[in-house]
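Please report on the sheets, helix packing, cores and selected residues of this model. Keep it brisk.

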Amino acid sequence: MILSKLHLENFKKYTAYDIEFGEGLVGIIGKNGSGKSTLFEAILFALYGEAKNRGNKELIKNANADAKEAVVIELEFEFEGLEYKVVREFRGKAMSANAKLYKNAELTTTGAKEVTTAIVRLTKMSKDAFLHTLFASQKELTSLSTLKNEDRKKMIRKLLGLEKIDFIENSLIEKSRELKREIAAFAEVLLGEEELQNYLNALKEKEAQNAALIKETELKSIALNQTRVKELESKTQLEIFIKTKEEKQKSSAEIELLKNSIAAQNAAQNRLTNELGELAHKESELATLGAIKEEYSKLQTALKEEEKRKEIHLKKEGIKKEQATLTEQWKKAKADIQSLVKECEAHETLAFDLKNLEKILEEFAANIKKTQQSESKLQAEISSEQTQIVATNAKIKKLQELGSESACPTCTRPLLEEYDNVISALVGVVNDTHQVKIDAYTKELLSVQAQKLEYETQKKAQDKEFVELTKSITIIQSKMKDLVKAQEYFKIVEQKGLQNKAELQVLEHCSYDEGQHKELQNAFIALEPKYKLALSLETELKRSPALKAELEINSKKIVELGAHLQAKKAAFVLVVYDEKEHKAKEAEADAIAKTREAQGAEISELKVQSAIIQGESKTIQNAIENNEVQRKKVQTKQDDLKDYEKIKTSLAEFKTRLNAKVAPRISSIASEMYAQITKGKYQHIEVSNDFDFFIYDEGKKYPIERFSGGEVDLANLVLRIAISKTLTELSGATSVGFLAFDEVFGSQDETRRMEILEAFHTIKEQYRQIFLISHEMEIKEMFERVVEL
């Protein structure tokens, strides 16, 4: 595999980026945080759809990218002479994944998982194998020699993928131990042969006991059924006696009910006759009260008319009182209006004076503003002249300090004999020019300030007059509002007075006599009891027809009930019932029921005994069956244990053969490269089956720690490349033509960095591409091609 091009959109820190890799020794150079390692993360992501460390896929998106923008990674590479292109995209808030794989520009596979499967099939490497085979970091190189034996062994086994075999082997060991513990635990609860035989014998005995109980229960059940037949016959005869007794009792109750009904009807007959007699007497009494109703109606009409006259009289008196009050209010309102009109007469004059005063105040304000501007201008001129005097005095002082050898402040040449003239000229400028101007400006400033003070004094007097005038106008405006309200109120009072006057003219013809009203009320009160008695008598007499009809119906009812009573008495005589025979039958039925209950209790007891025996049998049977189930489980676990032991043995043999193959192969590859890099100084690097490293020097082997730092760095480098090559051979991926090293220089000094670079140049013929990622900017001239970030 040879990398050709990489295109990124919104991947981590890259908004948009394109790179062509080229062949040979390629340097990826840039400062820390510039995104060097991110490029190779993108390569891994393009091929396998996952980052180096699995995590939230949203973290791969550029922080500045819009939510609608997609993350796009496109990688072009060459494999076994064919051109491939893989494209992965993540879109939307959910970061939905999609992928495409092209072979010689022809689409062959779509779908995120499908493309990953196709890449694994093509390269014959999973993500972890690809990562361990083609990528190496400074930490890995240094750890090869600095780690303790056990830690180094773990690291190399992880790089080679052998830790998975170790994991499986440990899992098998743990599983075997667990099975042995379970088999031992089962052995403690399984039944022995003698105990199992005792359980079987007890089961047969319980089954025999249960059969005897079932047979006895069947015989008892036959006798119980016979007793139930006798009980049913007895109940049938009793039901006949009960029915006859109920019929006799019902007839007797009906006869008594009819007698009571006839007595009630006779009582009602007497009551109705008495009520009709009382109504005849009340009819006579009503005849004597015949004229009362007419007299009461006339008196009631006269009283209503008198009440109406009284109401009109009271209304008229009320209007007269209100009219007197309105007259007083009308007079007061008229006087208030006249007073307010007089107080508001000066409003126009005062308003005119206020406008004139406002104009005068505006003129004063303008004059004050002009004098302030003149004052500010004069003060600025004085300040400017004073600044010039200070600067000139500073020059004079400096010249005096330097003496006649000082430079001219204008042309910078030495003053020499002109020194006194220059000093005198500068003093003249201060006194004759700047100070004269300051004096003139000061005199003019005092005049302007006096004028401003006069304007301000006059304005204060006018301001005071303006305030007083404003207060007077405000008071008059308030009075004018009061005048409008008073005029509106005057109109309301006047209109109400006219309305009352018109109403009094309408009510004047009405008269009211309080004495006559009293006489009518007394007469009405005296007549009212008689009127109510007459109404009560009329209401009661209305019942007379209904009472007469009810009396006639009641008489017919008495005759009907008498006939019905005679028929019931005749039927009662015909019903035959023997009380003694009934009681004898009841005693016989009770005896049969007790016999049936005793037989049922015996059968229930037998069934309970049978159920207990069946439960005991079931318990024994369950124990026997459970023992058989547990025995089969133990047998299964024993079979599993044998299988695990066989697998462990096979796996141990496989590890031994693999270690015997891997370690020599790493030694062979590393020795060849190390001899080439060291120009034959060191011919052989030995890697033991336990992954201990030795370097041969003049035919003797020494631990790697014996050698110098530079020699160890180079040994680490060739060992890591040897491991990558061995991994490639083990996976069957023979067409991988590049390696990538991330920050392999670490904190090396310049000499050791150069040695490592020279080593890469020596072995670069073995790979079409070697990528070195580094933040060391000074080494970029050592590369055939540089990608600078």
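Phe694 stands opposite Pro703 in E11. The model is predicted: local features need pLDDT of at least 70, side-chain atom pairs count only at pLDDT 80 or more, and totals for chains, interfaces and linings use all residues. Residues are numbered from 1 along each chain as its sequence is written, and side-chain values use heavy atoms, with hydrogens and water left out.

Strand E10 (residues 693-697) pairs with E11 in the antiparallel sense, over four bridges. Strands here are DSSP runs (E, at least two residues), helices are DSSP runs too (H or I, at least four residues), and both are numbered from the N terminus. Two strands count as paired if DSSP finds at least two bridges between them.

E10 and E11 belong to an open sheet of three strands, ordered E9-E10-E11, with antiparallel pairing. At the edges are strand E9 (684-687) and strand E11 (700-703), and each pairs on one side only. Neighbouring strands of this sheet are turned by 35° against each other on average, direction ignored. Helix H13 (residues 579-677) packs on the sheet and touches E9 and E10. The direction of H13 makes about 160° with that of E9. Contact means heavy atoms within 4.5 Å. Angles run from 0 to 180 degrees between N-to-C directions; axes are lines fitted to C-alpha atoms, for helices over the stretch in contact.

Lys679 is found in the loop between H13 and E9, and Glu698 lies in the loop between E10 and E11. Phi of Lys679 is near 55°, a positive value in a residue other than glycine. Glu698 also is not a glycine, and has a positive phi of about 55°. Buried means under 20% relative accessible area, exposed over 50%, and partly exposed in between (1.4 Å probe, protein chains only).

| Residue | Relative accessibility | Class |
|---|---|---|
| Lys679 | 74% | exposed |
| Glu698 | 79% | exposed |
| Ser555 | 30% | partly exposed |
| Gln630 | 14% | buried |

Gln630 sits in helix H13. Leaving aside neighbours within four places in sequence, Gln630 is in contact with Phe186 and Leu190. Ser555 is in helix H12 (residues 544-574). The C-alpha atoms of Ser555 and Phe90 are separated by 108 Å, and the two residues are 465 apart along the chain.

A second open sheet can be described likewise. Six strands run in the order E2-E1-E4-E5-E6-E7, with antiparallel pairing. Strand E2 (14-20) and strand E7 (106-110) stand at the edges with a single partner strand each, so one side of each has no neighbour in the sheet. Strand E1 (residues 2-11) and E2 run antiparallel and are joined by six bridges. Lys5 has Glu20 in E2 as its bridge partner.

Helices also cover this sheet. H1 lies across E1, E2, strand E4 (71-79) and strand E5 (82-91), and runs at about 100° to E1. Helix H2 (residues 112-123) packs on the sheet, touching E4, E5, strand E6 (96-103) and E7. The direction of H2 makes about 40° with that of E6.

Helix H1 (residues 36-48) also packs with helix H3 (residues 127-134), at an angle of about 145° and with axes 11 Å apart. H1 contributes Leu44, Leu47 and Tyr48 to the contact, and H3 contributes Lys127, Phe130 and Leu131. H3 is largely enclosed by the rest of the structure, because six of its eight residues are buried. Those buried residues are Lys127, Phe130, Leu131, His132, Thr133 and Leu134.

What are the cores made of? A nonpolar core is a set of buried Ala, Val, Leu, Ile, Met, Phe, Trp, Tyr and Cys residues joined through side-chain atoms within 4.5 Å. The largest has 93 residues. Leu6, Leu47, Ile73, Leu75, Phe77 and Phe130 have the most contacts inside this core. Beyond four places in sequence, Leu75 touches residues including Leu3, Leu6, Phe21, Ile43, Leu47 and Val86. A second, separate core of 18 residues includes Tyr296, Phe524, Tyr531 and Leu551.
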